[in-house]
Amino acid sequence: MSHITADELALWQAQGFAFELLDVRRAGVRAEHGMQIAGAHWHDPAAWLDWKDGVARQRPAVLYCAKGHEIGQGLTAALRVLGVDARWLVGEAVASPPPAHDDLQHVRARRLTPVQDDQLPLGGD
């Protein structure tokens, strides 16, 4: 199955490569962590049947979840069957605890941005 490493993703971002970045972490995990990869759009993995048709087929899609395992890989496989050039991000993209305030340079290096309050789900998981 197609995958992409964090280094490859950073290269795509730095070179301005056109792709869609999908945050498919569970709502509770996303809210708990409070960070996301810059440029990502959150999609509830439990509601994937509702948003799958909105994923662009003209450019690659990169999916990331909390650990880089079942959710990201499963949704990547489903989107590929539907004709999307989808890849899952290997490893823990943003699952580690948020850095301390004195480590903001680390956040910028990882291209993470805070999740805005209006982007958080209203309910639980």
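Here is a chat about the fold, the core and the salt bridges.

Me: Before we dig in, what kind of model is it?
Reply: It is a predicted model.

Me: OK. How many helices and strands does the protein chain have?
Reply: There are five helices and seven strands. Read from the N terminus, they follow the order β-α-β-α-β-β-α-β-α-β-α-β.

Me: And which strands form the open sheet, in what order?
Reply: Five of them do, in the order S1-S6-S5-S2-S4, with parallel pairing. Strands S1 (3-4) and S4 (41-42) are at the edges; each has a single partner strand, so one side of each has no neighbour in the sheet.

Me: What packs on that sheet?
Reply: Helix H4 (residues 70-81) does, touching S2, S5 and strand S6 (86-89). Its direction makes about 175° with that of S6.

Me: Back to S2 and S5: how many bridges join them?
Reply: Four bridges link S2 (residues 20-23) to S5 (residues 61-64). In that pairing, Asp-23 sits opposite Tyr-64.

Me: Changing topic: what makes up the largest nonpolar core?
Reply: It has twelve residues, including Leu-22, Val-24, Trp-51, Leu-63 and Leu-75. The largest share, three residues, comes from H4.
Me: What does Leu-75 touch?
Reply: Leaving aside residues up to four places away in sequence, Leu-75 touches Val-24, Pro-45, Trp-48, Trp-51 and Leu-63. Apart from that core lies another of ten residues, among them Ile-4, Ala-40, Tyr-64 and Leu-89.

Me: Now the charges. How many salt bridges does the count come to?
Reply: Six. One of them pairs Arg-59 with Glu-20, with the closest N and O atoms 4.0 Å apart. Those two are 39 residues apart: Arg-59 is in the loop between helix H3 (48-51) and S5, while Glu-20 is in strand S2.

Me: Is Glu-20 buried or exposed?
Reply: Buried: its relative accessibility is 12%, and the cut-off is under 20%. Arg-59 is partly exposed at 34% relative accessible area.

Me: What about Lys-52 and Asp-53?
Reply: Their side chains meet in a salt bridge, 3.1 Å from N to O. Lys-52 is buried, with a relative accessible area of 17%, whereas Asp-53 is exposed at 56%.

Me: Last one: what share of the 125 residues counts as buried?
Reply: 38% of them. The chain exposes about 7200 Å², with carbon and sulfur atoms supplying 52% of that area.

Definitions and conventions
Residues numbered from 1 in each chain as written. Predicted model: local features only at pLDDT ≥ 70, side-chain atom pairs only at ≥ 80, totals over all residues. Heavy atoms only, no water. Pairing = 2+ DSSP bridges. Contact = heavy atoms within 4.5 Å. Axes fitted to C-alpha atoms, helices over the stretch in contact; angles between N-to-C directions. Core = buried A, V, L, I, M, F, W, Y, C linked by side-chain atoms within 4.5 Å. Buried < 20%, exposed > 50% of the residue type's maximum accessible area, 1.4 Å probe, protein only. Areas by Shrake-Rupley, 256 points an atom, 1.4 Å probe, with all protein chains shown as cover.
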